[in-house]
Amino acid sequence: MKIDSHQHFWKYEPVKHSWIDDEMAVIRKDFMPADLKQVYLENDIDGCVAVQADQTTAETDFLIELASENNFIKGIVGWVDLRGNDIDEVLEHYNKFKVVKGFRHVVQGEADHNFLLRPDFLAGISKLARYNFTYDILVFPHQLGAVLEFVKKFPNHKFVIDHIAKPYIKDSFYEGWAVLMTEIGKQKNVYCKLSGMITEADYKKWTVEQITPYMTLVLNAFGADRIMFGSDWPVCLVAGNYKTVKKIVTDFISQLSEEEQAKIMGLNAMKFYNL
């Protein structure tokens, strides 16, 4: 089964989605399951994991509702306030919905480089294992030092790094990112998504040759058992299209065995998210 491990839905609102700047104007509109279903038919994708794009429990509820109406949405990664005093009750509530597989916080937007290591955030993370909830790590490269320390604190918990930690491909930033990603890859509980790469390069001038060294590092660091394809649709549309994004990954992994390719294109996501 081919699974897209990372995509989003939204009903566009200028204030809520203010992160969509003028350069990304092409995605200033609604993106709903009917749109994606057609894309999947054209690209031979069987299902997906829908990931939060807004930091509210209303967003989590919105994704649950969409999943209940569309069976190709195999799981969702929502948002809860992991620092909240009511986190136990909130997690208990979302545990009632089988489609809720885990949670994410937009750590990349936090001014504190060590946000992941704040005691109240760590306390919330520590409660996820009770419900077998996963956690998606969304960071920039300058936050990877904190990520390494963070994942070491929870060696038995399942984590996945979104968008290969958003290296600044456009600026050819590589070495510092590569060193830390290699260390993080040694933590066997951490996976990584081959996603969000063309939007870290120049939207109009990116090349596959630019992106390949980053994918090679991730493959070497995490291995074929702990990486997964993700489109980052519809965000990917600012720099390409779904077919192109998928082809970058499938061409790259064509060097691997058919079994390894199947893992990266779906089986790893199914295992990680318990789909």
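Visitor: Is Lys166 buried or exposed?

Guide: Lys166 is buried, with a relative accessible area of 13%. Buried means under 20% relative accessible area, exposed over 50%, and partly exposed in between, using a 1.4 Å probe and protein chains only. This is a predicted model, in which local features need pLDDT of at least 70 and side-chain atom pairs count only at pLDDT 80 or more, while totals for chains, interfaces and linings use all residues. Residues are numbered from 1 along each chain as its sequence is written, and side-chain values use heavy atoms, with hydrogens and water left out.

Visitor: Where is Lys166 found?

Guide: In the loop between β6 (159–161) and α6. Helices (H or I, at least four residues) and strands (E, at least two) are DSSP runs, numbered from the N terminus. Lys166 has a positive phi of about 50° although it is not a glycine.

Visitor: And what is phi of Ser172?

Guide: Near 60°, a positive value in a residue other than glycine. Ser172 also lies in the loop between β6 and α6. Ser172 is exposed, at 57% relative accessible area.

Visitor: Which peptide bond is cis?

Guide: The one from Trp233 to Pro234, with omega near 0°. Pro234 is in the loop between β8 (227–229) and α8.

Visitor: Switching to rings. How many aromatic pairs does the structure hold?

Guide: It holds 26 aromatic pairs. Rings of Phe, Tyr and Trp (its six-membered ring) pair if their centres lie within 6.5 Å; planes under 30 degrees apart count as stacked, over 60 as edge-to-face and the rest as tilted. Phe103 and Phe133 form an edge-to-face pair, 4.9 Å centre to centre with 75° between the planes.

Visitor: Where do Phe103 and Phe133 lie?

Guide: Phe103 is in strand β4 (residues 100–105) and Phe133 in the loop between α4 (119–125) and β5 (134–137), so the pair ties together parts that are 30 residues apart in sequence. Phe103 and Phe133 are both buried.

Visitor: What about Phe121 and Tyr135, what sort of aromatic pair do they form?

Guide: An edge-to-face pair, 6.0 Å centre to centre and with 75° between the planes. Phe121 belongs to helix α4 and Tyr135 to strand β5, so this pair ties together parts 14 residues apart in sequence. Phe121 is buried, and so is Tyr135.

Visitor: Which residues do ring pairs link into a cluster?

Guide: Phe115, Phe121, Tyr135, Phe150, Phe154 and Phe159.

Visitor: Which ring does the charged end of Lys158 sit over?

Guide: That of Phe272, 5.4 Å from the ring centre. A charge sits over a ring if NZ of Lys or CZ of Arg is within 6 Å of the ring centre and within 35 degrees of the ring normal.

Visitor: Now salt bridges. What's the count?

Guide: The count comes to 14 salt bridges, where a salt bridge is a side-chain nitrogen of Lys or Arg within 4 Å of a carboxyl oxygen of Asp or Glu. One of them joins Asp88 and Arg130, with the closest N and O atoms 3.4 Å apart. That pair links distant parts of the chain: Asp88 is in helix α3 (residues 87–94) and Arg130 in the loop between α4 and β5, 42 residues apart. Asp88 is partly exposed at 27% relative accessible area, and Arg130 is exposed at 57%.

Visitor: How far apart are the closest N and O atoms of Lys247 and Asp251?

Guide: They are 2.6 Å apart, in a salt bridge. Lys247 and Asp251 are four residues apart in helix α8 (residues 242–252), so about one helical turn separates them. Both are partly exposed, Lys247 at 47% relative accessible area and Asp251 at 42%.

Visitor: Which residues do salt bridges with shared partners join into one network?

Guide: Arg104, Asp136, Asp162 and Lys193.

Visitor: Last topic, helix packing. At what angle do the axes of α1 and α8 cross?

Guide: Roughly 45°, and the axes of α1 (residues 33–43) and α8 come within 10 Å. Axes are lines fitted to C-alpha atoms, for helices over the stretch in contact, and angles run from 0 to 180 degrees between N-to-C directions. That makes α1 oblique to α8; angles under 35 degrees count as roughly parallel, over 145 as roughly antiparallel, 65 to 115 as roughly perpendicular and the rest as oblique.
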